[in-house]
Amino acid sequence: MPWLKLLHIVALLFWCATLVYMPALLLQECGRQRNAPSLQERAPPAPRMLFTYLATPSALLAIVSGTLLFLVYALFGGWLVVKLMAVMGMVFAHLACGWLILRLEQGYMAWMNTVAAGLAVFAPLCMLTVLTMVLAKPFD
Amino acid sequence: MTRSKQRNIHSRIAIGGHPLHPTLIHFPVAALMGLVASDAGYLYSGDEFWARASLWLAGVGALGGWFASVAGVLDLVSVRSIRNLITAWCHSIVAVMLLSMATLNWFFRLGSPTDLLPWGFTLSVVTAGMIALAGILGGQLVYEHAVGVEVEDK
């Protein structure tokens with residue numbers, strides 16, 4: 001089963017990387033569109049491709065392989081429930097990124113800066129909670 | 001969103017034009033929603049019948065959910081116009097997350113079905129909330145993007 005764990009960690013690395021990168025990308029797009037209004041006509045396809053072809057597939061792979069892992073190793077406990085809640089926090093950050101990308105494409109820039117900056121803080125905090133729970137297993 | 005010329009999006013995982021994912025998904029959704037009620041029934045009455053009912057609802061919900069999700073993922077990956085929808089991926093990540101929780105919930109109960117507090121009941125309630133969210137996103141796919149809907153002549 002080390003292969004399953006390897007798959008899980010690789011998928012998780014991809015997901016976390018994109019989840020840190022997407023808010024940064026959105027912040028940058030925000031600044032660009034504010035400084036150069038001519039670019040507002042057509043948003044670049046890059047954020048959507050990142051979301052549909054890299055970020056979400058790796059997130060799905062990470063969650064499914066993680067589920068298989070706790071089944072195969074029969075790992076249960078309160079820490080795992082809290083961990084899954086933190087993963088749910090990552091999922092919410094992910095959804096918010098998707099929503100912001102849709103708004104960016106439609107040219108709605110209101111609150112984009114604030115929400116993206118909030119996500120840039122919130123997503124890593126969730127990841128930190130996940131890692132703490134899985135490595136320290138602070139309670140049963 | 002980018003508007004395509006085609007107004008509706010066909011599902012590939014379908015029998016005789018009837019998409020499979022929306023056909024299958026009602027059953028696990030109902031089971032996992034009923035799980036909250038049967039949990040509440042056990043916590044309120046202390047009758048072990050409700051605890052056993054919860055065990056079965058969690059199992060049927062989790063397994064049925066994974067089964068139905070296969071049809072959903074195949075549609076998501078194989079149909080380009082679905083694959084390009086951000087809402088479709090959002091729907092899938094919420095669904096897979098809640099199935100992971102439902103699976104954990106079921107395995108919690110296999111050992112001791114009456115041991116609901118704090119974790120079992122928490123998982124049931126959070127899962128139900130996530131189902132509502134997945135349902136909203138899935139509804140957007142059908143009613144706003146016309147995925148799996150046939151209104152045009154073939």
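Guide: Let us begin with the term itself: contact means heavy atoms within 4.5 Å. The model before us is predicted. In it, 28 residues of chain B are in contact with 36 residues of chain A.

Visitor: What area is buried between chain B and chain A, and which atoms give it?

Guide: The buried area between the two chains is about 2800 Å², and carbon and sulfur atoms give 83% of it. On the chain B side, 24% of the buried area comes from B:I86, B:W89 and B:I93, more than from any other three residues.

Visitor: How many salt bridges and how many polar contacts are counted between chain B and chain A?

Guide: The count of salt bridges between chain B and chain A is zero. Four residue pairs across the interface are in polar contact, with both residues at pLDDT 80 or more.

Visitor: Which elements of chain B supply the side that touches chain A?

Guide: Helices α5 (86–111) and α6 (119–143) of chain B each supply at least two residues of that side. Helix α5(B) gives the most, with 15 residues. By class, the residues of the side of chain B that touches chain A comprise 20 nonpolar, seven polar and one charged.

Visitor: How should I read a salt bridge, and how many does the structure hold over all chains?

Guide: The general idea is that side chains of opposite charge can pair when their charged atoms come close. Over all chains, the structure holds two salt bridges. In one, A:E105 pairs with A:R48, with the closest N and O atoms 2.8 Å apart. This pair links distant parts of the chain, 57 residues apart: A:E105 lies in helix α3 (residues 78–106) of chain A and A:R48 in helix α2 (residues 46–72) of chain A.

Visitor: Which residue forms a salt bridge with B:R109?

Guide: The partner of B:R109 is B:D39, and their closest N and O atoms are 2.8 Å apart. This pair also links distant parts of its chain: B:R109 is in helix α5 of chain B and B:D39 in helix α2 (residues 26–45) of chain B, 70 residues apart. B:R109 is buried, at 1% relative accessible area, and B:D39 is buried at 0% relative accessibility.

Methods
Residues are numbered from 1 along each chain as its sequence is written. Chains are lettered from A and ligands numbered from 1 in the order in which they are written. Side-chain values use heavy atoms; hydrogens and water are left out. Buried area is the accessible area (1.4 Å probe) that two parts lose on being put together, summed over both. A salt bridge is a side-chain nitrogen of Lys or Arg within 4 Å of a carboxyl oxygen of Asp or Glu. A polar contact is a pair of N or O atoms within 3.5 Å; within protein, one must be able to donate a hydrogen and the other to accept it, and residues adjacent in sequence count only if both atoms are side-chain atoms. Helices (H or I, at least four residues) and strands (E, at least two) are DSSP runs, numbered from the N terminus. Ala, Val, Leu, Ile, Met, Phe, Trp, Tyr, Cys and Pro count as nonpolar, Asp, Glu, Lys and Arg as charged, and the others, Gly among them, as polar. Buried means under 20% relative accessible area, exposed over 50%, partly exposed in between (1.4 Å probe, protein chains only).
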